[in-house]
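Here are my notes on this model, point by point. Have the viewer open while you read.

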Amino acid sequence: MLRDGEIHAEQIWKRFRVDSRPSYFQDQLGRLVDTLRRRSSPGWRWALRDVNLRAEPGDSIGLIGANGAGKSTLLKILTRVMYPTAGGVRVAGRTGAMIEVRTGISPQLSGRENIYVTASLMGLRRKDAARRFDEIVEFAGLEHSVDRLVKFYSVGMQMRLGFGVAAFLEPDVLLVDEVLAVGDASFQHRCLERMRYVLNQGTTLVFVSHDLAAVEATCVNGMWLDGGTVRSVGPVREVLAEYRGAVEVDAEIRPRQDRPVNVVHAEVNAPDGLHTGGPLNIDLRFQSEVSRRASIHVGISEGTATPILLVEPGREMMLEPGETDVRCSIDPLPLPRGRYYVWVGAYRYTTHGEELVAWQPVTSFDLYGPELSTAPRGIVRLAPVHVASSWESSS
Amino acid sequence: MSTEATELDVRGTVLAEGTRDLPGPPPEIWFRRRHTLLGALRELRSYDELMLSLAERDLRTRYKQAGLGVAWAVLTPLLLMLAFTFVFTKFTRVDTHGAPYPLFSYLGLLPWTFFASSLSLGSTALTNNVSLLNKVYCPREVFPLSQIIIAAFDAVIATLVLIPLFPLLGYAPKLEVYYVPLLLLVLLAFVIGVTLAASITLIYMRDLRFAVPLILQFGIFVTPVAYNADVVANTPAKMMIYSTLNPLVPVIDGLRRCILYGEPPQWWPLFGGACTATFLMVAGFMIFKRLETGIADVA
C-alpha cells in the first residue's frame with residue numbers, strides 16, 4: 001500500500017501507431033490482414049521505452065528534454081488520461097494537474113459558471129469550489145469580469161481561469177505541464193508562488209518545463225528524457241548540467257565567416273586556471289576588410305540560449321583592416337562551476353548600429369570551483385548578470 | 001483494443017523506420033487494466049457532480065443561444081405528433097382502440113424522442129470532447145451519460161404538453177399510471193446501454209457518425225410509434241419476439257395500455273424487453289470500460 005503522494009511508475013512503455021492508415025479501425029483491420037498474410041505491418045513508434053519514475057511524498061521532480069522526448073506522454077500516463085502499453089503505474093492519493101484546460105471552457109457561459117464546470121472537471125466538489133470561489137477569482141485576476149460571458153474574455157484570461165481552478169486543488173500529487181508558457185509575468189509569478197506553497201505542504205510535484213531555470217529552482221530531482229528513454233536521473237543540478245552539456249554538443253560552435261567583420265579566433269584563459277571568483281580573459285581576434293568603428297559586446301551563457309551574464313559596458317573601438325586582437329578581462333567571475341559559452345556581437349558605432357558580427361556563441365570553457373552557495377529555495381527566473389570589466393586592445 | 005489485440009505485431013514483425021531493431025518490452029509486463037463492474041460503478045458514483053455539471057453546462061449553453069429556449073424540447077415531439085396525426089387520420093386509419101390519435105402517437109413519441117436524442121447527442125459526446133479527454137481524467141462514461149440527462153430533461157418538459165392535451169381532446173388518463181416508473185426503468189436501461197456502446201464505438205470508427213441518423217430514421221418505423229404494436233405482432237408469441245428484439249415496444253405499448261386504456265402492461269413481453277435492456281446496459285457499460293483505455297491513443 002502506497003502512502004498518499006507516492007508515485008511508482010515502473011517499466012513504462014508506450015507506443016503509438018504510425019499514421020500510415022487514416023482511421024484506427026482501418027489500421028487494425030490492415031494489421032490483421034498483414035498478420036494473416038504473414039507480411040510485416042507498419043510498426044509502432046515508441047514514445048516511451050522502459051521509463052521508471054519513483055517519488056516519495058514531498059518529492060519534486062523536473063522532467064526535461066527536447067520536444068517529442070516523451071515528457072507529456074509520461075505526464076498523461078501519470079494522470080491516467082493515457083494508459084501505458086506495458087509496465088505498471090501507481091499514483092497514490094488525489095492527483096491534480098495544472099495543464100492548459102481552455103478546452104473545457106464554454107464561451108457561451110459566464111466566468112462564474114465556467115469556474116464551477118472546470119472545478120468539477122478537475123475533481124473538485126461543488127461545495128469546495130464554492131468555498132474557494134473568491135480565492136480562485138482573485139488568483140486568476142478576474143474580479144471584475146467574473147460575470148461576463150467567457151467569449152468576451154481574452155485568451156490570457158481564459159487560461160488564467162483554468163489555472164486558477166487548478167491551483168486550488170490541494171492534491172497529494174501535482175502534475176504541472178508548461179505552466180510558464182501561459183499568462184503574463186505577474187500571473188506566472190503567482191503560479192510559481194502557488195506551486196512552491198503546495199510543495200511546502202508536502203505535495204509531490206512532477207514539473208515539465210523548458211524553462212530550465214524554473215525547473216532548477218523548483219525541483220530537487222530531475223529526469224532527462226531523450227527519445228523516450230531516461231538519459232539521466234538524479235539531483236536536478238547534475239541532470240541539468242548534463243542536459244545543457246549535450247545541447248552544447250549538438251549546437252556546435254561555428255562562427256560565421258562570411259561577414260564584413262568576422263571573429264576568426266576566440267579563446268578563454270586565466271593566469272592560474274579558470275576558477276570561480278578568479279580573473280578571466282577572453283581573447284578575440286577580429287578580421288575586417290576596412291577600417292571600422294565598432295562597438296563590441298560580450299556575454300556568457302550556460303546553455304546555448306540567452307546569456308546569463310553580459311559584460312558591461314560594451315566596448316567601442318577601431319577595427320583596423322586586417323586582424324585586430326581584443327582582450328576582455330573579467331575579475332572576479334561570479335559564476336559557479338560548470339560549462340559556459342562566450343557570445344560575441346559587434347555593431348557599427350552609431351545609435352542603432354548596423355550589425356557587423358551577429359550575436360553568436362564563439363567558444364566555450366569549463367570553469368572549476370565550488371558551486372555558488374545556493375540562494376534560499378525559491379523560484380527565481382534567471383536574468384543576465386551585469387559586471388564591471390576592463391579592456392585593452394592591440395593591433 | 002490497441003494494446004492487447006496486436007501484441008503479435010510487435011513481437012513478430014519488423015518495426016517502422018526509426019524504431020527498427022528496437023526491442024519491445026518483455027511480454028510479462030504488458031499492461032492490462034484491471035477493473036471490476038462494482039469498482040467502476042463506485043467510481044462513477046463519485047463523479048455524479050461532474051455528470052450534472054456537464055449536463056447543466058450544455059443545457060445552459062443551448063438555451064442561451066436559442067431564442068425559443070425551452071420550447072425546442074417541446075417542439076420536436078409536438079410537430080412530429082401533428083404530422084403523424086395528419087397522415088394517419090386523413091389518409092390511412094390507425095386502430096387506436098378508441099383513444100384520440102394525437103394522444104396515442106404522443107405517448108409513443110415521448111419515449112422515442114428520449115431514445116433518439118440520447119443516442120444522437122450521446123454518441124458524439126466523446127468525439128466532441130476529445131481535447132478534454134486528452135487532458136483531464138474522469139470516468140469517460142460521464143460524457144455520454146450527461147447527454148442522457150439532457151435528453152431526459154427535454155423529455156420531462158415535453159411530457160408537460162400532456163397536461164393540456166388530455167382536456168383538449170376530451171379524454172381522461174386512466175388510474176393505472178402507477179405502472180409508468182417500471183416502464184421508464186426498462187427504457188432507461190435500454191437507452192444507457194445503446195448510447196454507451198455507440199459513443200465508444202464512434203471514437204474508434206468515426207464514420208459511424210453518419211450511420212446514427214440513418215439508424216434512427218429506420219428505427220422510428222420498426223418501433224410502434226405511429227401505429228399500434230399489435231399491427232406487427234398479432235399473436236402473443238410474435239409480441240414476445242417483437243418486444244425482446246426491441247425493448248421500446250413493450251415500453252410504448254405499456255405506456256398506452258396503462259395511461260390510455262387503464263390496463264396493466266403485458267407482463268411477458270415487458271419481461272423480455274427488460275431482459276434485453278438490462279443485458280444491453282451491462283454489456284454496453286462493460287464494452288465501454290474495456291475500450292475506454294485506448295481513447296487518448298486514437299482520439
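**Notes on the model**

1. Start with helix 10 (residues 162-169) of chain B: of its eight residues, the number buried is zero, so it lies largely in the open. Buried here means 20 or more other C-beta atoms within 10 Å of a residue's own, exposed means 12 or fewer, and partly exposed is in between, with C-beta atoms placed from the backbone. Helices (H or I, at least four residues) and strands (E, at least two) are DSSP runs, numbered from the N terminus.

2. Some housekeeping before going on. This is a predicted model, in which local features need pLDDT of at least 70, side-chain atom pairs count only at pLDDT 80 or more, and totals for chains, interfaces and linings use all residues. Residues are numbered from 1 along each chain as its sequence is written, while chains are lettered from A and ligands numbered from 1 in the order in which they are written.

3. How confident is the predictor in chain B? The pLDDT (confidence in each residue, from 0 to 100) averages 85 there, and 92% of the residues score at least 70. Within chain B, helix 11 (residues 180-204) has the highest mean, at 95, and helix 2 (residues 7-12) the lowest, at 36. Residues 1-21 of chain B have a pLDDT below 50, yet this stretch has 36 contacts in the model beyond near neighbours in sequence. A contact is two residues whose C-beta atoms, placed from the backbone, lie within 7 Å. Where pLDDT is low, the predicted coordinates should not be read in detail. For the complex, the predictor gives an ipTM of 0.78 and a pTM of 0.79.

4. On the overall build of chain B: there are 17 helices and zero strands, and 40% of the 299 residues count as buried. The C-alpha atoms of chain B fill a box of roughly 80 × 50 × 35 Å along the principal axes. Of the contacts in chain B with a separation of 6 or more, 80% are between residues 24 or more positions apart.

5. Chain A has an open, antiparallel sheet of three strands in the order 2-1-4. Strand 2 (44-55) and strand 4 (86-91) of chain A are the edges, each pairing on one side only; pairing takes at least two DSSP bridges between two strands. Strand 1 (residues 7-17) of chain A is joined to strand 2 of chain A by eight bridges, and Ile12(A) has Val51(A) in strand 2 as its bridge partner.
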